[in-house]
Amino acid sequence: MDFYKKRFAIETLFKDLKSRGFNLHKNRLKKAIALFNLIIIAALGFCIIIAFGEKNKDNQLIVKVLRIHKIQKNELSIFSFGYKLLKYMINW
């Protein structure tokens, strides 16, 4: 069970890196070092977005502005919340 829980967390990380936010699956890099650098930068961005979402998840004004009401029921991950918040702030 412990290994399965860890596997689930890793799969979620890969999904966030590949298709939910960073779209790493669409890159056309040929060199391994370039791909490695891209993954490192994406992982750093992932950590920043997670920290940003974690810091702001209890701010009810932000939750109302983004019209996200179900973060406490795990319908929106901290990454997705942080990503939507950051995207909103950049566009605003």
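A residue counts as buried when its relative accessible area is under 20%, as exposed when it is over 50%, and as partly exposed in between.

**View 1. Overall fold of the predicted model.** In this predicted model, the chain contains four helices and zero strands, and its elements follow the pattern α-α-α-α when read along the sequence. Of the 92 residues in the chain, 23% are buried, while the accessible surface comes to about 7,600 Å², with 62% of it belonging to carbon and sulfur atoms. Among the contacts between residues at least 6 apart in sequence, 46% join residues at least 24 apart.

**View 2. The aromatic pair of Phe46 and Phe79.** The structure holds two aromatic pairs, one of which is formed by Phe46 and Phe79, stacked at 5.1 Å centre to centre with 25° between the planes. Because Phe46 lies in helix H2 (residues 32-56) and Phe79 in helix H4 (residues 78-91), this pair ties together parts that are 33 residues apart in sequence. Phe46 counts as buried at 14% relative accessibility, and Phe79 likewise counts as buried, at 1%.

**View 3. The aromatic pair of Phe79 and Tyr83.** Phe79 also forms a stacked aromatic pair with Tyr83, at 5.9 Å centre to centre and with 20° between the planes. The two residues are four apart in helix H4, so about one helical turn separates Phe79 from Tyr83. Tyr83 has 27% relative accessibility and therefore counts as partly exposed.

**View 4. The aromatic cluster.** Phe46, Phe79 and Tyr83 form one aromatic cluster, in which Phe79 is buried and Tyr83 is partly exposed.

Terms used:
Residues numbered from 1 in each chain as written. Predicted model: local features only at pLDDT ≥ 70, side-chain atom pairs only at ≥ 80, totals over all residues. Heavy atoms only, no water. Buried < 20%, exposed > 50% of the residue type's maximum accessible area, 1.4 Å probe, protein only. Contact = heavy atoms within 4.5 Å. Areas by Shrake-Rupley, 256 points an atom, 1.4 Å probe, with all protein chains shown as cover. Phe/Tyr/Trp six-rings, centres within 6.5 Å; stacked < 30°, edge-to-face > 60°.
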